[in-house]
Amino acid sequence: MASMVSGNTLAEIAALIGDVARANILSALMDGRALTASELAWHSGVSPQTTSGHLAKLSEANLIAMTRQGRHRYYRLASPEVAQAIEALMSVASFGPKRHRPLGPKDEALRNARTCYDHLAGRLGIAVADALTEKNYIVLSESAGAVTNEGQRFLCDLGIDLQERRGHHRALCRTCLDWSERRPHLAGRLGAALCARMFELGWVERIKDSRALAVTPTGKSGLEEFFGITEQSS
């Protein structure tokens, strides 16, 4: 049973995330990629020196992790649980007071398709979850799901291996509340594997300086053939 988190600890984490620059840093890392301090400074909107201080605080709280590659340092979210918490906060924020801000192309692109850490979100993520459920390839409960025998065969045909890697203990299939659609999309090993496979097949590609995704012409054909999804735009 997980130990209880004290109010002080919860308040400390909330305060860290509550800073605008740090919130921008965490949001930038929600696409699952590791970024340099310089890249995160651009996303956070503050100086490199100030960003360095923010990164130190986030690292100390185990919200982000740092790895070295040669002379460079790369930062990423520390775990899928951190990503789940950020996405949940985004969902809560979407129910908050409305502020007038005209929607632009980037907003629409994010709502259409994006990465939520290492899995698909937005209308594309919801459509994939719906298709797998309607075809009885997965059975979803309130917060988790199971892959049926038919689903195992389908995923194998798609080139997806869901075997758990040694040393990695992650739920096979769980749901994650989508902040823009306000419905659950797929996370866990299944969600990550589906997202990775769509990148491998060239069905989706990243939009520069955003965690939004564009569905390629190849992707439109593949989504229709395998999932029966016909309404995704690039």
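Trainee: Is Asp 130 buried or exposed, or does it count as something in between?

Mentor: Buried means under 20% relative accessible area, exposed over 50%, and partly exposed in between, with a 1.4 Å probe and protein chains only. Asp 130 has 24% relative accessibility and therefore counts as partly exposed. Please keep in mind that this is a predicted model, in which local features need pLDDT of at least 70 and side-chain atom pairs count only at pLDDT 80 or more, while totals for chains, interfaces and linings use all residues. Residues are numbered from 1 along each chain as its sequence is written, and side-chain values use heavy atoms, with hydrogens and water left out.

Trainee: With which residue does Asp 130 form a salt bridge?

Mentor: A salt bridge is a side-chain nitrogen of Lys or Arg within 4 Å of a carboxyl oxygen of Asp or Glu. Asp 130 forms one with Arg 183, and the closest N and O atoms are 2.8 Å apart. This pair links distant parts of the chain, 53 residues apart: Asp 130 is in helix α7 (residues 122–134) and Arg 183 in the loop between β8 and β9. Helices (H or I, at least four residues) and strands (E, at least two) are DSSP runs, numbered from the N terminus. Arg 183 is also partly exposed, at 38%.

Trainee: How many salt bridges does the structure hold?

Mentor: There are 8. In one of them, the side chains of Arg 114 and Glu 87 meet at 3.3 Å, N to O.

Trainee: How should I describe two packed helices?

Mentor: One gives the angle between their axes and the distance between the axes. Axes are lines fitted to C-alpha atoms, for helices over the stretch in contact, and angles run from 0 to 180 degrees between N-to-C directions. Here, helix α3 (residues 37–44) and helix α4 (residues 48–60) pack at about 100°, with axes 9 Å apart. They are therefore roughly perpendicular, a term for angles of 65 to 115 degrees.

Methods: Angles under 35 degrees count as roughly parallel, over 145 as roughly antiparallel, 65 to 115 as roughly perpendicular and the rest as oblique.
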